[in-house]
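This briefing is meant for a reader who is new to the structure.

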Amino acid sequence: MAYGSPERLADVPAYYADIRGGRPIAPEHLDDLVARYRRLGVEEHNPLNAITEQTRAALERELGLPVFTGMKHWTPRISDGADAAIDSGADVVAGLVLAPHYSHLSIAGYRGQLEEALAGRAELRFVEEWHLHEPFIEWHASRLRGTRGHVVFTAHSLPARTLAGGDPYAQQLAETCAAIAQRAALSDWSFSYQSESPTGEPWLRPDILDHLSALHAQGIRDVLVCPVGFVSDHLEIRWDIDVEAQERAAELGMTLQRIEMPNADPEFVRALAELVSSALAAGVPS
């Protein structure tokens, strides 16, 4: 399961409306989103969606089992994936979200949609989180070993109210970053959030753009971004890091690079396969 992305530029208004869930849409926010996708070359085909399909197909080959895609905010929907699994004859379904860190505002929503779609027609084995999954940690550490720049780990920000109820998201991110830094023998690293949405409420900070200014004030000039909260080259990477953060770094006279994303990398797909296999072998619902 994944968040979803519009297939073509004309789909962006409907996609944004789905995300907003009936809440009013500010025209300037919609125009900004359309402009971002246009700058990324999304007109009649979205190359970003191909990444999810490549990952799905690679995971299916690795597992030797049917793998279905379900999107939270676009097609195919999570319900479509559930129906396809049932139609294939499945009586046990493993649910895996392409996001390593648990939050009630994210992973719980995916699980709720999948449970509703399955409606008791199959037993669900759900992978709640995998923020310390050893192959996931090693995959990132192998991309960071020996770097001479300051490493900035990033993840999608969430409304600050998530912390009030004991949500584990921020703590899991801290644990992931510390584990990767230790594995890669990093001594110079920090963390920031990215991709805050304009909802009018406080979000988790610091934001990557402000964080770059703070690093510059400390004398840091070379930055390597590791978007540990993401696993593919979607809008939050291609725009928020490759465009906005890159432009801010240039304004500050800094050099900013980022690691390649896992996408359908064979090592990463094997890591996902381990998660699914463990869930299926558990013998009881998660």
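**Backbone features**

Ser195 is buried, its relative accessible area being 13%, where buried means under 20% relative accessible area, exposed over 50% and partly exposed in between, with a 1.4 Å probe and protein chains only. This is a predicted model, in which local features need pLDDT of at least 70 and side-chain atom pairs count only at pLDDT 80 or more, while totals for chains, interfaces and linings use all residues. Residues are numbered from 1 along each chain as its sequence is written, and side-chain values use heavy atoms, with hydrogens and water left out.

Positive phi values

- Most residues other than glycine have a negative phi, and most peptide bonds are trans.
- Ser195, a residue other than glycine, has a positive phi near 65°, and Ser195 sits in the loop between β4 and α8; helices (H or I, at least four residues) and strands (E, at least two) are DSSP runs, numbered from the N terminus.
- Asn263, also a residue other than glycine, has a positive phi near 45° and belongs to the loop between β6 (255-258) and α11 (266-281).
- Asn263 is buried, with a relative accessible area of 16%.

Cis peptide bonds

- Thr75 and Pro76 are linked by a cis peptide bond with omega near -5°, and Pro76 is placed in the loop between α3 (47-63) and α4 (78-87).
- The peptide bond joining Arg205 and Pro206 is cis, with an omega of about 5°, and Pro206 lies in the loop between β4 (189-194) and α8 (208-217).
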